[in-house]
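Trainee: I would like to know what the labels used for a structure rest on. Could we go through some of them?

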Amino acid sequence: MGFLLRIVLATALVNLAPAVAQAKNAVASPALQKEFDGFIEKFRAALKANDSAAVAGMTRLPFMNDNAIRDAAQFGAKTYRTSFTAKNRACIQRGKAVYDRDDYKNDSYFVFCGELIFVFTKTPAGFLFTDISVND
């Protein structure tokens, strides 16, 4: 009986593998990619100029749903100064953005910079910088 159960489980896993592989290799539509490319070009220009107000203008506020970071001044003081170091700004400027679509059909791009992941998400207003996560 145990042998039959193993065969059934192995068959199920083999049949699921293509679906899992397809989910991991999400590809943005050309229109979405073009929209993101336009956004990230402006975002990178703001980083190059070290313009925290411009970056805040391309950020969903309150940032990460934190009411203590609900405007450009708070974003500049509490997030930009600590997370957008010269090293991280350079990384975002040259780093490749990776696309993914989550289970809620949110389209996002991720730029991995050392221990941090910078997240850009498509919103009704267009793409916005939405999150900083730990790269574990």
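Mentor: We take the labels one by one and set each value against its cut-off. Keep in mind that this is a predicted model.

Trainee: What makes C91 and C113 a disulfide?

Mentor: Their sulfur atoms are 2.2 Å apart, and the cut-off is 2.5 Å, so the pair qualifies as a disulfide. The structure holds one disulfide. C91 is in helix 5 and C113 in strand 2, 22 residues apart, so the pair links distant parts of the chain.

Trainee: Why is the disulfide of C91 and C113 called left-handed?

Mentor: Because the torsion about the S-S bond is about -95°.

Trainee: How do you know whether C91 is buried or exposed? And what about C113?

Mentor: Buried means under 20% relative accessible area. C91 has 12%, so C91 is buried. C113 has 4%, so C113 is buried too.

Trainee: Is T123 buried or exposed, and how do you know?

Mentor: T123 has 11% relative accessibility, which is under 20%, so T123 counts as buried. T123 is in strand 3. Leaving aside neighbours within four places in sequence, T123 is in contact with R60 and L128.

Trainee: Why is N50 called partly exposed?

Mentor: Exposed means over 50%, buried under 20%, and partly exposed is in between. N50 has a relative accessible area of 40%, so N50 falls in between. M64, at 42%, is partly exposed by that reasoning.

Trainee: What is there to note about phi of N50?

Mentor: Most residues other than glycine have a negative phi. Phi of N50 is near 55°, a positive value, and N50 is not a glycine. N50 lies in the loop between helix 2 and helix 3. M64 also has a positive phi, of about 55°, without being a glycine. M64 lies in the loop between helix 3 and helix 4.

Trainee: What makes the peptide bond from L61 to P62 cis?

Mentor: Its omega is near 0°. P62 is found in the loop between helix 3 and helix 4. Most peptide bonds are trans.

Trainee: Which residues touch the most other members of the largest nonpolar core?

Mentor: F43, F75, F84, F120 and F129 do, in a core of 28 residues. Helix 2 gives the most to this core, with seven residues.

Trainee: What does F43 touch?

Mentor: Not counting residues up to four places away in sequence, F43 touches V55, M58, F84, I92, F120 and F129. In soluble globular proteins, nonpolar side chains tend to be buried together.

Methods: Residues are numbered from 1 along each chain as its sequence is written. This is a predicted model: local features need pLDDT of at least 70, side-chain atom pairs count only at pLDDT 80 or more; totals for chains, interfaces and linings use all residues. Side-chain values use heavy atoms; hydrogens and water are left out. A nonpolar core is a set of buried Ala, Val, Leu, Ile, Met, Phe, Trp, Tyr and Cys residues joined through side-chain atoms within 4.5 Å. Buried means under 20% relative accessible area, exposed over 50%, partly exposed in between (1.4 Å probe, protein chains only). Helices (H or I, at least four residues) and strands (E, at least two) are DSSP runs, numbered from the N terminus. Contact means heavy atoms within 4.5 Å.
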